[in-house]
Amino acid sequence: MAALQAYHKAGASAETALDQQIARQGLDPRDAALAAKLTFGVLQNRTLLDFYLGAYSHTPVEKLEPRVGHILRVAAYQILFLDRIPVRAAVDEAVQLTKAKNPRAAGLVNAVLRRLSEGKDNLPELPQTDPIARLAIQYSHPRWLVQRFADELGLESAEALLAANNREVPLYAQVNTLKTDTAQVMAALEAEGVTAQPHQWLSDCLLLTHAGSPARLSPFQDGSIYIQDPAAKLAVLAADPKPGTRLLDPCAAPGGKSFAAAIRMQNTGEILAGDIAEKKQVSIQTGAARLGITIIETQTADARTLDPAEIGMFDTVIVDAPCSGFGIIRKKPEIRNKTPEEIVRLPEIQLSILQAAAHCVAPGGVLLYATCTILPEENGGVVERFLFDTKGFAPEAFTLPGEIGAVSEGQITLYPHEYDTDGFFFCKMRKGE
């Protein structure tokens, strides 16, 4: 509840608010895991929780004092979604917490939650005549975004995407083959009580369960693994940087693609990893040192600003452009609350970064454009405008492992409900000789 309150008041990301509260309260791993489940569960299902709570409250939840609203939502999530916490315990804890924070509201909280618990097997029906409204409530996404997904994918696939956005996030680790191999990493992880399952079709990629905080694991600490979703690694595989070449990653933080590229380049050649925020360079440098990567140099720079010394100097340029983030809602549930007005300028920024990066590609080199969003105006729309305005570049087909296979048009959108990856887009382009 404290994390939700901090997130609501400070406007920080849910992950940051949660980490701060876990540290402040000194929670052990088990309690920290429960706190994370409750925090993300409420954020993922807030609209649905408010819908059901509203059926038993004369005052809409959003009209209540925010702290009381958070208490109600956390208790409702426990009652409706969790089996291990007894209903009576959830109600009593919520009432006691309300008495400590806002005694006058304790009666309301008690009455609403008891009615909800009594009716949990016969909850109010969601809207049936308006499918977009139903999906918006059921999966707690804003109506405008549900409509966009439905327009792009059709109603059935849109619902599958929304459901995927609300599922528990899988934790993937990539094996650092500069230091070790997958078999050794699996043995080390299992010795620490972590279940490590090889990805079905992506090599040197492990699905971790019962891992807790990855940073506490010995294979993480000694640089045998780094945490990265398969989608980001697949983007690097599409770019296919060669050992001994030069690569530019102008929007590099937190560094995962630079790390994946360095490993694919066998730690030979040069990688220049840039970011507009100076403090983010430290995390890239720290990560590279932990992994034993020596070819990454960092710089602080605005990716839209062209350095004349970098013109035509790189064999591979990977542009992981800032975006709306609608492909990673399952990781950052608060992203769903962005408005159309907040993202309207993003395609212009993305295009300007891509255009600046294009000048840095050597003749015959590769330019890869990537985002963690699934909105076409930020993806194919940007690429189309770039290719229309910029001479000398053309899409290039590539092949990815497993069920994806050949990507003949040179660009692909990965959806969480299709490949169990982050939502991701990337397009590979080749510069003429």
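Q: Helices (H or I, at least four residues) and strands (E, at least two) are DSSP runs, numbered from the N terminus; at what angle do helices α4 and α5 pack?
A: This is a predicted model, where local features need pLDDT of at least 70 and side-chain atom pairs pLDDT 80 or more, while totals for chains, interfaces and linings use all residues. Residues are numbered from 1 along each chain, and side-chain values use heavy atoms, without hydrogens or water. Axes are lines fitted to C-alpha atoms, for helices over the stretch in contact, with angles from 0 to 180 degrees between N-to-C directions. The axes of α4 (residues 46–54) and α5 (residues 66–81) lie 10 Å apart, and the packing angle is about 90 degrees.

Q: How are α4 and α5 oriented to each other?
A: Their angle is about 90 degrees. Angles of 65 to 115 degrees count as roughly perpendicular. The two helices, α4 and α5, are therefore roughly perpendicular.

Q: How many nonpolar residues take part in the contact of α4 with α5?
A: In α4, Arg46, Leu48, Leu49, Asp50, Tyr52 and Leu53 are in contact (heavy atoms within 4.5 Å) with Leu72, Arg73, Ala76, Tyr77, Leu80 and Phe81 in α5. Ala, Val, Leu, Ile, Met, Phe, Trp, Tyr, Cys and Pro count as nonpolar, Asp, Glu, Lys and Arg as charged, and the others, Gly among them, as polar. Three of the contact residues are charged, none is polar, and the nonpolar ones number nine.

Q: How are α5 and α6 oriented to each other?
A: Their axes come within 9 Å of each other and cross at roughly 170 degrees. An angle over 145 degrees counts as roughly antiparallel. So α5 and α6 are roughly antiparallel.

Q: How many charged residues are in the contact of α5 with α6?
A: On the α5 side are Arg67, Ile71, Ala75, Gln78 and Ile79, meeting α6 residues that include Val87, Glu93, Leu97 and Lys101. Eight residues of this contact are nonpolar and two are polar, while the charged ones number three.

Q: Which residue meets Arg114 in a salt bridge?
A: A salt bridge puts a side-chain nitrogen of Lys or Arg within 4 Å of a carboxyl oxygen of Asp or Glu, and the structure holds 17 of them. In one, Arg114 of α7 (residues 106–118) reaches a partner in α6 (residues 87–101), 22 residues apart in the chain. The N to O distance is 3.4 Å, and the partner is Asp92.

Q: Which residue does a cis peptide bond join to Ala253?
A: Most peptide bonds are trans. Here omega is about 5 degrees.

Q: What is the phi of Asp204?
A: Most residues other than glycine have a negative phi. Asp204 is found in the loop between β2 (195–198) and β3 (205–209). Although Asp204 is not a glycine, its phi is positive, at about 55 degrees.

Terms used: Parallel < 35°, antiparallel > 145°, perpendicular 65-115°, else oblique.
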